[in-house]
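User: I have a structure open and would like to talk through a few parts of it. Can you help me read it?

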Amino acid sequence: MIDSFRDAFRLPDLKRKILFTLGMLFIFRLGAHMPTPGIDTEAMTRMFEQGGVLGFLDMFAGGALRRFSVFALGVAPYINASIVMQLLVVVIPALEKLQKEGDEGRKKIVMYTRWGTVFFALVQAVGMTIWLRNLGIFSGTLLDAIVAVVTTVTGAIAVMWLGEEVTDHGIGNGISLLIFAGIVARIPEALVQTWSLLRMGELNLISLLVAVILMVVVVAGCVLLQEGQRRLPVQYAKRVVGNKVYGGQSTFIPLRVNQAGVIPIIFASSVLLFPYTIFRFFSGDWAVTMQNLFAPGSAVYMVLYVVLIVFFAYFYTAVVFNPVDVANNMKKYGGFILGIRPGRPTSEYIEKVMTRITLGGAVFLAVVALVPTLMTSVVNMNTFYFGGTAVLIVVGVALDTVHQIEAQLLMRHYEGILKRRDKTGGLLRL
């Protein structure tokens with residue numbers, strides 16, 4: 001991996017992409033430390049020291065929510081808009097047809113998602129401002145409240161723009177990298193707090209060792225989950241074109257166990273946090289009861305969390321992977337799976353295999369997401385939020401980014417070989 005990063009900085013184009021990505025992440029972290037006018041930051045810090053769901057929400061915002069900074073909403077509005085748009089594409093035929101129209105149709109889908117982001121950002125900004133005003137943390141006038149809402153909505157739009165720019169001109173998925181940066185940025189602070197508690201005797205050394213072992217096991221499980229795949233053997237028939245013979249070799253189709261990556265975790269967390277946030281705006285015993293039901297760590301939350309993870313794993317796999325297209329491409333080039341007829345039987349067989357391995361991957365994804373949370377409460381280590389959600393996002397985004405860098409290196413190395421052979425009068429000359 002170290003050699004890959006060293007080689008990446010030797011290539012001007014790839015180096016520019018990496019530096020651009022790092023620059024966008026720096027701007028994101030800078031915005032997370034710019035407070036919104038009229039907010040008592042000390043009162044916000046004291047409130048978030050209680051932990052619980054507030055710490056969970058702050059994890060996705062990368063610490064920006066704790067300060068109620070310009071980027072306090074983080075990527076949550078964009079994720080909510082993306083979830084709603086992807087569900088509408090499946091439900092509404094006009095949107096499904098629009099998505100299949102090529103680049104122009106996808107541009108319109110992206111435009112609708114952006115407007116949805118603005119809508120969700122506006123709703124969340126107004127709700128959070130009213131909530132902080134009721135708690136006495138925000139004590140400004142009506143004009144100050146309008147300024148706070150406009151500032152946070154603008155920050156959410158800026159975060160969406162940063163993510164899209166990283167995706168288009170950088171390395172990796174921009175939105176996932178922003179979440180990754182927010183989680184990783186809290187690690188130094190968490191280590192300092194843990195060391196302080198250990199020195200003062202408030203943290204047991206055995207509990208710390210158990211937590212460290214748990215982290216290593218969970219990270220290893222996340223790597224296995226992200227890298228695991230089922231390989232379907234494919235045989236290509238020989239074809240004679242002119243005086244040349246093509247095909248005749250054996251290969252395989254790699255079906256990833258976790259085709260959706262960390263998307264189910266992010267989507268499930270965002271969906272479950274929405275009702276909790278809504279009930280926070282109401283007063284009364286019934287509102288408190290509903291908050292406790294949907295609070296992270298409750299029994300209802302965990303059950304719904306598992307169900308949504310499995311649902312989004314299947315949903316996103318169906319969006320990004322089409323067995324019919326795979327079967328048609330195999331048939332077009334003379335490929336077939338041994339014992340399976342080309343065409344529709346092949347697509348049905350691939351879909352059957354994909355359904356089975358997706359179920360296993362989704363269940364394992366849910367287990368890895370829940371076990372650290374349960375174990376953290378058992379060892380009573382609440383210095384920082386260590387949950388399967390954070391670990392899966394960090395490991396998944398890191399692996400995906402490294403794979404993209406390696407793919408860029410491989411492509412440019414291959415192009416370099418071709419250019420060198422062409423200059424030396426190799427086989428490329430006709």
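This is a predicted model: local features need pLDDT of at least 70, side-chain atom pairs count only at pLDDT 80 or more; totals for chains, interfaces and linings use all residues.

User: How many helices and strands does the protein have?

Analyst: There are 18 helices and five strands.

User: And how much of it is buried?

Analyst: Of the 430 residues in the protein, 44% are buried.

User: Different topic. How do the axes of α9 and α10 cross?

Analyst: Helix α9 covers residues 142-169 and helix α10 covers residues 174-184. Their axes cross at roughly 115° and come within 7 Å.

User: Which residues meet there?

Analyst: From α9, the residues are V159, L162, G163, V166 and T167. They meet G174, I175, L177 and L178 in α10.

User: What classes are those residues in the contact of α9 with α10?

Analyst: Six are nonpolar and three are polar, with no charged residues.

User: Now α14. Which residues are buried there?

Analyst: In helix α14, residues 285-294, the buried ones are A287, Q291 and F294.

User: Why do they line one face of the helix?

Analyst: Seen down the axis of α14, the buried residues fall within an arc of 75°, so they line one face. In general, an α-helix has 3.6 residues a turn, so residues three or four places apart point the same way.

User: Which exposed residues are on the face turned away?

Analyst: D285 and N292 are the exposed residues on the face of α14 turned away from its buried side.

Methods: Residues are numbered from 1 along each chain as its sequence is written. Side-chain values use heavy atoms; hydrogens and water are left out. Axes are lines fitted to C-alpha atoms, for helices over the stretch in contact, and angles run from 0 to 180 degrees between N-to-C directions. Helices (H or I, at least four residues) and strands (E, at least two) are DSSP runs, numbered from the N terminus. Contact means heavy atoms within 4.5 Å. Ala, Val, Leu, Ile, Met, Phe, Trp, Tyr, Cys and Pro count as nonpolar, Asp, Glu, Lys and Arg as charged, and the others, Gly among them, as polar. Buried means under 20% relative accessible area, exposed over 50%, partly exposed in between (1.4 Å probe, protein chains only). The arc is that of the directions from the helix axis to the C-beta atoms.
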